[in-house]
Amino acid sequence: MKLRTDSRKFRAMSRRELLKLTPVLALGAFAIPKLQGPLLKAGLGFSDWASKELFRSGHLAMTFADSELTPFNKFPINDYDVDDPEVDFDRWTLTVTGAVQKPGDYKLAQIQSLPRFRQNTRHVCVEGWDVIGRFGGARLSDFLQAIGADLSARFVYVECADDYYESLDMATALHPQTLLCYEMYDQPLTREHGAPLRLNIATKVGYKQAKYLTDLKVTSVLEKVGYWEDQGYSGFYGL
Amino acid sequence: MATRTIAIENVKTREVSAAVYEHPFLVRLCHWVNAVSLFVMVGSGLQIFRAFPSFGAKIPQKDLLDWPKSLAIGGWLGGALQWHLTFMWIYMGTGLLYLGYQLFSGNYKQVLFVRRDLPGVWPMVRHYFFFGPKPQTKEAYNPLQKHAYTSAIVLGVLSVLTGIAIWKPVQFSWLGWMMGGFHLARLWHFLIMWAMLAFVFGHLVMVVLHGWDNFVSMLTGWKKDPEYDSE
């Protein structure tokens, strides 16, 4: 049986149905300049929170056969100002501070005396390209044990000879595929790839893998997150 | 399928016309939220693409196309990622709400393209593109429409899955593996966007051709003077 109404009632009914859609207008807040920044920051923050939840400490990134490696000369060199900050290798040390039992200046030989791990892993750039590289070095987790780091601290923060800086959440810092990397393709790290020491993190995007490390701090409070992060990139960016 | 048909008597002329409640509230809500988020996802996605407009190697880099910045959202890669990573939650949220509602309400029968719709596709194509006679239908959507909407829903799901494969290639490595690797997942994500844009283009052309009453039905739910008999 058909329902019946008159045109006036039908118009009122249609209007009510239309008004029910007004919540859609809330999206217009993104078009208001004053609200846009905070809203996008909140969105990125939510995204980073979800990323943190999705991260699994025991889950390893895929590794590849030597035959699948991107040739060394086709491994891109990205830096934010100089290819070579002219680090004096003879005098270089990694200065360790923060929540650790043994702060101080660590020589490369001390880091190299820790068990060496080599991995063929994918390096993903935030720009969209990816390569498969061979990286070698000490596990950051072994180094953190060696310096007596407080593993309940939230972050590992690093500074670099080219004034770049980065931070890592502790869960990622302790991941077995997070290396203090001093080798690429079984050769000592070259200057343009961050000699003498860089980060290699198979579970993070490229910009987190800082080169030319000079300082390492274990801390629960970050004054700065990272060079790119402080300009608006994701702070966590786990792959 | 219970379609609500109503007879409307004009208060002045006493003429009686019909209207059908075609689009439930949640479908309309999801439609318009999705329209906004799809716009933002495509716009910011194209700005992200500009950072490496290629699907080959980084060295040497061969660019596929130079997409103009003025037709993208975010201004730079970091800004575009903020838009993309914010609206992807809205996009996925409305997608899940829509799919859940359609499934549990049974309303999916209105849009889901099934085998018995197959014979009706060609007559409809002939009508739209080759000036054939207009086939009669008893449903809100004709077979070709159902095909288009079902495809759009599938594309929506695929856009999310390929997106996750790019965003989390380690945690969801199985997704990337299913798509032939990270590298190809990025290409699928890009191609699915174009397929979606092709749908949107066709959809908008149809909206214009079918006039005001048809457009209003996606706002109020009620379609006046339906071209089909649902009783």
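The model is predicted.

The two chains meet through 42 residues of chain A and 41 residues of chain B.

Strand 1 of chain A runs parallel to strand 1 (residues 4-9) of chain B, and 4 bridges join them. Within this pair, A:Arg4 has B:Ala7 as its bridge partner.

Chain A also contains an antiparallel pair. Strand 6 (residues 155-160) and strand 7 (residues 165-169) of chain A are paired over 5 bridges. A:Tyr157 is bridged to A:Ser167 of strand 7. The two strands form a hairpin, with 4 residues between them. In the turn, A:Asp163 has a positive phi of about 70°.

In chain B, helix 1 (residues 25-51) packs against helix 2 (residues 77-105). Their axes come within 8 Å and cross at roughly 150°. Angles over 145 degrees count as roughly antiparallel; helix 1 and helix 2 of chain B are therefore roughly antiparallel to each other. Their crossing is left-handed. The residues of this helix contact comprise 20 nonpolar and 7 polar, with no charged residues.

Technical notes. Residues numbered from 1 in each chain as written. Chains lettered and ligands numbered in written order. Predicted model: local features only at pLDDT ≥ 70, side-chain atom pairs only at ≥ 80, totals over all residues. Contact = placed C-beta atoms within 7 Å. Pairing = 2+ DSSP bridges. Axes fitted to C-alpha atoms, helices over the stretch in contact; angles between N-to-C directions. Parallel < 35°, antiparallel > 145°, perpendicular 65-115°, else oblique. Left-handed = near helix turned anticlockwise from the far one by under 90°. Nonpolar A, V, L, I, M, F, W, Y, C, P; charged D, E, K, R; others polar.
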